[in-house]
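Subject: Structure for you to look at

Hi,

Here is the structure I promised to pass on. Have a look around it first, then read on for what turned up.

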Amino acid sequence: MSTPQTKTATSPVADAVSGEPGTRKHRDDAPISVRAAQWALPAILLAFIGLFSVLQPSTFANQGNFTTILGSEAVLILVALAAMLPLIVGQYDLSVGANMGMASIAVAMTTSEFGFSTGAGIAVAVVLSTLLGLLNGLLVAEIGISSFVATLAVSSLLSGIVIWSTDGTVIVDNIPATLTDIGNHSILYVPIPFLLVILIAIAMGYVLRMTPTGRYLYAIGGSSEASRLSGLNVGRLTISTFAVSGFLCGIGGVLLVSKLGSANPTTGPEFLLPAFAACFLGATSIRPGNFNVTGTILAVLVLAVGSTGLQLVGVPFYIEPIFAGVVLLIAALVTRYLRKEQS
């Protein structure tokens, strides 16, 4: 992206420390289309809620339905945030779905079959997922394998290991109540998993927006070579994003088991497309042209509300995947356009 003429070009390190990247225009100087896009997702979400509340007032517009949506989408939000972090530094993690699925099997097996306590089972699942994320980072940043190839290979490997370790059977027996209680209780009608996700999102948003580390990550995504020449440890920061991505997948796997009370060895990969759709759709709003936490969460909710509304209206089952695919395509095109507008 070109540097605004009113500013002197600076290095990514100086830009990150100042909090005013020279590679981006100030918000006040942004084109009208970019500023309007900032609030597009909240507007679409409210429009969907209003539309389906009118079409299905008894089944859609009630507290139980909204509680169900928030609880059921907590895991997808975490997987989407996990996918978003490598995207910020210009990399792809195609193993986020399989990693989350592996974590769900790990926590279920350790607690139901190996006699681990709930806390120990959660710790094992999260540590394993974090280590897998770290492995992805090392393959990409240290060995130099394309993130697309490396994470796709890891995803396939994980799927095979999970099916082998479970013999392809669903784990449903002896899941401890202390684990399922996490996913089936609410505070003021808000599911506990969603509250946990919001706490994680607040922490991520703070790091990405308010600390030099977060701004370094965006600088790397803008130009990894320029960032390296400016003194940033691109490799270490890239590895860190993959490791944190794995950590989020681990939490997601735990929440999935707590919600369902079981663990299916085939669960996980189907989260990949919706997660990336949410990332790219989220990049069209709040901070248009940039992957961001708030936009990603709003995107998941837009997709969830749209899908739930379509189901309640009674559209044919094949409309839902078409809806998700069209949204992803439009989001990618709009993100590309907004980045050109900001350049």
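Below is what I found, going from the whole chain down to single residues.

Keep in mind that this is a predicted model. The average pLDDT for the protein is 86, and 87% of the residues reach at least 70. Helix 6 has the highest confidence, with a mean of 97, while helix 1 (residues 12-18) has the lowest, at 47. The pLDDT is below 50 over residues 1-12, a stretch that makes 22 contacts beyond near neighbours in sequence in the model. Residues 14-26 are also below 50, with 30 such contacts.

Now the overall picture. The protein has 343 residues, and 49% of them are buried. Among contacts with a separation of 6 or more, 76% join residues 24 or more positions apart.

Next, the inside. The largest nonpolar core holds 90 residues, and Leu81, Met84, Ile88, Leu208, Phe291 and Val293 have the most contacts within it. Which helix gives the most to this core? That would be helix 4 (residues 63-88), with 15 residues.

Helix 13 (residues 272-282) is worth a look too. Eight of its eleven residues are buried, so the rest of the structure largely encloses this helix. The buried ones are Ala275, Phe276, Ala277, Ala278, Cys279, Phe280, Leu281 and Gly282.

Nonpolar residues turn up on the surface as well. Tyr92, Ile143, Ile145, Phe148, Val149 and Leu152 make up a nonpolar patch there, and together they have about 550 Å² of accessible area. To find Ile143, go to the loop between helix 6 (118-142) and helix 7 (147-166). Is Ile143 buried or exposed? Its relative accessibility is 59%, so Ile143 counts as exposed, the cut-off for that being over 50%.

What about charged pairs? Side chains of opposite charge can pair when their charged atoms come close. The count here is one salt bridge. Glu225 and Arg228 form it through their side chains, at 3.0 Å from N to O. Both residues sit in helix 11 (residues 224-229), three residues apart, which is about one turn of the helix. An α-helix has 3.6 residues a turn, so residues three or four places apart point the same way. Glu225 is partly exposed, at 43% relative accessible area, and Arg228 is partly exposed too, at 42%.

You'll find Asp167 in the loop between helix 7 and helix 8 (177-183). With 67% relative accessibility, Asp167 counts as exposed. Ile286 has a positive phi as well, near 65°, and is likewise not a glycine. Its loop runs between helix 13 and helix 14 (293-313). Is Ile286 buried or exposed? At 17% relative accessibility, Ile286 counts as buried, because the limit for buried is under 20%.

Happy exploring, and write back with any questions!

Methods: Residues numbered from 1 in each chain as written. Predicted model: local features only at pLDDT ≥ 70, side-chain atom pairs only at ≥ 80, totals over all residues. Heavy atoms only, no water. Core = buried A, V, L, I, M, F, W, Y, C linked by side-chain atoms within 4.5 Å. Buried < 20%, exposed > 50% of the residue type's maximum accessible area, 1.4 Å probe, protein only. Helix = DSSP H or I, 4+ residues; strand = E, 2+ residues; numbered from the N terminus. Patch = residues over 30% accessible without salt bridge, like charges linked within 9 Å, V, L, I, M, F, W, Y side chains within 5 Å. Areas by Shrake-Rupley, 256 points an atom, 1.4 Å probe, with all protein chains shown as cover. Salt bridge = Lys/Arg side-chain N within 4 Å of Asp/Glu carboxyl O. Contact = heavy atoms within 4.5 Å. pLDDT = per-residue confidence, 0-100.
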